Each structure stands twice: as C-alpha cells, then as structure tokens.
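Subject: A structure to look through

Dear colleague,

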Amino acid sequence: MDKHIRKATEQDRYAIALCIADGFEKDFSVLSKDNRKIASAIATGLKIDKFYVAETDGKIMATMAISDSYGRAARVDKPSMRKYLGFLKGLIASIVLKEEFEGQLDYPTGTGYIEFVTVRKEYRRKGIAMLLLKESMELSGYQEFILDVTDINTTAIQCYFQSGFKEIKRIPEKHAKQKGFHAKIYMFYSITKNQ
C-alpha cells in the first residue's frame, strides 16, 4: 500500500470529517450512531489549513491537525449541528463540543498542538498514525509539539511513545465516571531533541 502524507485541501473537508467521526465514534455515539451525520455536522467547522492527511490511491485513510495558541483546528458551527443532528442534539453538541473544539490553548506561541489524530477503521494497525505524525510534524514548521490523550486510549499512547513523545503531566478527570476515563495525559515532543 503506497501511503502519501500531505497538507489537506478544501476538497478533503468531508473525508477528514468522516475520519474524525470514525475515529471518535464512541465519543460521538451519544449524538448519533450514524458517522455520516456526525461528519456532516462537523465538516463546516473544520479549519482545513491546519489539517494533514494520509492517502492511498486517492482515498484518505487518516488525518490529524496541528494548531497552536493562535487558534484551534475546528470550531462549532451551530446551524450545521442542528441541521444534521436535530434541534435538541444539535444544541447539546454545540455546548459540549465548544470547549473541546475551541478551548484556548495555554502553550508557548511556537508550540504545535496535535489534535484529531485518527485512522479509518480498515487502515488501523498498519503504522499509518506514526507515519502521519512524523511527516506532518516535519511539514508543519513547528519544532516542539504537545498533545493530550485519555488514559484509556492505550493504542494511541503506545503510538505516541514509539514516535518519541514523552509524558509531561497527568491531570485527573473530575467527572471520570461520566466521561469514561480517569485522567488526561499530556505529552511533549521536540524535533531538535529527537534528531
């Protein structure tokens, strides 16, 4: 399988949204079990210039975004949420996703924040996430990166460790039972220190 990593383009918008809906299916399932509806609801809020994609034969198999303290990779588009999820679920999604998508980052200005790392189901466990991370970080122009991951996402944690990320802190989740995880793990990577 020939894998190509590149900056995303406007034509990739829905495919990126579908990757995100697929990758975070469990999180979105309270809003809808239909990933196409979720993808349609979030697609218009994606800031495509912050995304990277892995593709093979013209099909996007994975995506990730690198944002920074100047702005995140997605915003909540309330009309789109209501249109595709219905009034009540759209309203709930707008409230819940606002902090997750748009929360201000308290990182140094030259630090890239990695978010929305996801691989479509049929392409998982083939090393695509590691390749996407490595090549996207090189393309981005940042020298240092931070990401966060929940403590139950062991596959992602292992991928990040294997890619050279180091854990820098763990913050216990106040509503662990409701959210389904106990802590957020923050990880750091420096291109210059890992060369």
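This is a predicted model: local features need pLDDT of at least 70, side-chain atom pairs count only at pLDDT 80 or more; totals for chains, interfaces and linings use all residues.

Residues are numbered from 1 along each chain as its sequence is written, and side-chain values use heavy atoms, with hydrogens and water left out.

Helix packing

Two packed helices are described by the angle between their axes and the distance between the axes. The axes here are lines fitted to C-alpha atoms, for helices over the stretch in contact, and the angles run from 0 to 180 degrees between N-to-C directions. Helices (H or I, at least four residues) and strands (E, at least two) are DSSP runs, numbered from the N terminus.

Helix 1, residues 13-23, packs against helix 3, residues 35-43, at an angle of about 125 degrees, and their axes are 8 Å apart. The two helices are therefore oblique to each other; angles under 35 degrees count as roughly parallel, over 145 as roughly antiparallel, 65 to 115 as roughly perpendicular and the rest as oblique. Helix 1 passes helix 3 in a right-handed crossing, a term that applies if the near helix is turned clockwise from the far one by less than a right angle, with anticlockwise giving a left-handed crossing. The contact (heavy atoms within 4.5 Å) includes Arg-13, Tyr-14 and Ala-17 of helix 1 and, among others, Asn-35, Arg-36 and Ile-38 of helix 3. Its residues divide into nine nonpolar, two polar and three charged, where Ala, Val, Leu, Ile, Met, Phe, Trp, Tyr, Cys and Pro count as nonpolar, Asp, Glu, Lys and Arg as charged, and the others, Gly among them, as polar.

For helix 6 (residues 128-140) and helix 7 (residues 154-162), the axes come within 10 Å and cross at roughly 45 degrees, and these helices are therefore oblique as well. Their crossing is right-handed. In this contact, Ala-129, Met-130 and Leu-133 of helix 6 meet Cys-159, Tyr-160 and Gln-162 of helix 7, and the residues divide into five nonpolar, one polar and no charged.

The cysteines

How many disulfides does a search of the whole structure find? It finds zero, with a disulfide taken as a pair of cysteine sulfur atoms within 2.5 Å. Cys-19 is buried, with a relative accessible area of 0%, and Cys-159 is buried at 12%; buried means under 20% relative accessible area, exposed over 50% and partly exposed in between (1.4 Å probe, protein chains only).

Single residues

Ile-16 is found in helix 1 and counts as buried, at 0% relative accessibility. Leaving aside residues up to four places away in sequence, Ile-16 touches Ala-8, Leu-46, Ile-48, Phe-51, Val-53 and Thr-63.

Strand 4 (residues 111-119) holds Thr-111, which is buried at 3% relative accessibility, and also Gly-112, which is buried at 0%. With the residues up to four places away again not counted, the contacts of Thr-111 include Asp-68 and Tyr-142, and those of Gly-112 include Ile-66 and Tyr-142.
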